[in-house]
Amino acid sequence: MLYFSMTEATVSTQAIINGTILTMDRQWTVHDRGMIIIEGDTISEIGPYCPDRLETLRIPLDTCIDARGGIVIPGLVNTHTHIGMSLFRSLADDRPNRLLEVIFPLERSQVNPKLVHIASLHSLAEMIGGGTTCFADMYYHAKETALAARQSGIRGIVGQAVASKGGPDAKDFPEAVQLVGNLQELLQDDRLLAPAIAPHAPYSLSESELEYCAAFSETHNMAILSHLAEMPFEESYVQEHYGVRPIAFYDRCGLLGPRSTMAHCIFASPDECKLLIDTHTGIAHNPSANSKSGKGIAPAHALYQAGARIGLGTDGPMSGNTMDMIHQLGITAKMQKVLLKDPTVMTPRQVLRCATIGGAEALHLERITGSIEIGKRADIVVVGTDSPAMFPVYDPYAALVYSACPTDVMLTMVDGKVLMRDRELMTIDARSIRKEAQGIVDSIRARFSHLWES
Ligand SMILES: [Zn+2]
């Protein structure tokens, strides 16, 4: 699925040297002391380090990106986020009825374009700093998220949330759909960002509205992002209103398919897993958020083994609280081992696959990103091995999944452009964004502290 404009980028040649390259290609190719050549936005060569080749290509050694013995991986793909919510992080955690009693009232009164813009930039600083090169988001005022993402240089799918009752940015469903149209116009010629229509969940839109979203996606060749089989009440609600279970209901509405990515799918039965796979629907697995809310553990290993398009996600900053993907790796492995009472399932290699090429497949972007292969866009991350927890490294996959921290990431490159190097962000001034965010945080604290202090 190619949603992006294919306009040419300016061509310059770069090289990454002196790292262990985990390509995440079909053969699981690893280059121990490897070299990657990048022409403009595209990976043009991968192989063992070769000084003669650098000379032929006239790349001076001192201009190469030195991985300093680190681990070089494809950029991490965060398949489910709400990055405009980061200024609500740590607010009323672990409260019963948090969604209805805290989040919805907060959003109704506080969410506006300025907040979404600043909160999005704040999240992007964390995400890029932690090695995320591609994300899929669904929230209100999505235009602001798109503008923030465009400034940051990240790749992604930006979804405008739609629901029967609208939201803080729309009074009803038609008005929300109008915002999807505006977003599409904004991103028409964007090289890195594509729009999505994002129906919130099976219980927040009517059947005809959900069918409309499916038709809209088909007409405009636009991605669909949604929550599915996540809430404990969802199953009985959908069963009562429509006589089927949520995943079958979404299929009936035309919402499953090769443009769709469904977040959670915690309550997917074996038959429903097969339906998701047969329809080529992408799945965003969010183990950190799902465990914190006590909802359950999605059958991620079963889906993986059956060949699903399954990637990992953080969910929003009120759900899993951190927005970086490295935090998701270990918990993905551990939750499946607990679920199946088997230490051999969901190996570090399988987890890293989900976080990279699996995530790209879940977003239907695997032709562009997700692995280090010739012809793919240069979305590349270097994870350093200097910190105590990253030594020794007998198995680089295990080191990444079980030991790494987001702060170990030393380089984040998207489309051939360095967005973070040696912990310095190139496109976002995190300090000034935080300063700007502080005023909003102070006013939220003053107005809403009763929600979490009582
Ligand atoms: Zn979500």
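Donors are N, O and S atoms within 2.8 Å of the metal (3.2 Å for Na, K and Ca); water is not among the atoms, so sites may look incomplete. The views below show a predicted model, in which local features need pLDDT of at least 70, side-chain atom pairs count only at pLDDT 80 or more, and totals for chains, interfaces and linings use all residues. Residues are numbered from 1 along each chain as its sequence is written, and side-chain values use heavy atoms, with hydrogens and water left out.

**View 1. Protein donors of the zinc ion.** His80 (NE2), His82 (NE2), His227 (NE2) and Asp315 (OD) lie 2.1 to 2.3 Å from the zinc ion. Their spacing in sequence is H-x1-H-x144-H-x87-D. The four donor atoms subtend angles of 84 to 176 degrees, and the arrangement is therefore irregular. Four donors count as tetrahedral if all angles lie between 85 and 135 degrees; four count as square planar and six as octahedral if opposite donors are over 155 degrees apart and all others between 65 and 115; anything else is irregular.

**View 2. Histidine 82 and aspartate 315.** Helices (H or I, at least four residues) and strands (E, at least two) are DSSP runs, numbered from the N terminus. Histidine 82 is in the loop between β6 (76-81) and α2 (98-110), and aspartate 315 is in the loop between β13 (309-312) and α12 (326-340); the pair, 233 residues apart, links distant parts of the chain. Histidine 82 is buried at 8% relative accessibility, and aspartate 315 is buried at 3%. Buried means under 20% relative accessible area, exposed over 50%, and partly exposed in between (1.4 Å probe, protein chains only).

**View 3. Leucine 340 in helix α12.** Leucine 340 belongs to helix α12 and is partly exposed, with 41% relative accessibility. Beyond its neighbours within four places in sequence, leucine 340 contacts His301 and Val345, where contact means heavy atoms within 4.5 Å. Lysine 341, with a positive phi near 50 degrees, follows α12. Among the buried residues of α12 are Ile326, Leu329 and Met335.

**View 4. Packing of helices α13 and α15.** Helix α13 (residues 348-355) packs against helix α15 (residues 396-403) at an angle of about 70 degrees, and their axes are 8 Å apart. Axes are lines fitted to C-alpha atoms, for helices over the stretch in contact, and angles run from 0 to 180 degrees between N-to-C directions. The two helices, α13 and α15, are therefore roughly perpendicular (65 to 115 degrees; under 35 is roughly parallel, over 145 roughly antiparallel, and the rest oblique). Pro348, Arg349, Val351 and Leu352 of α13 meet Tyr397, Ala398, Leu400, Val401 and Tyr402 of α15.
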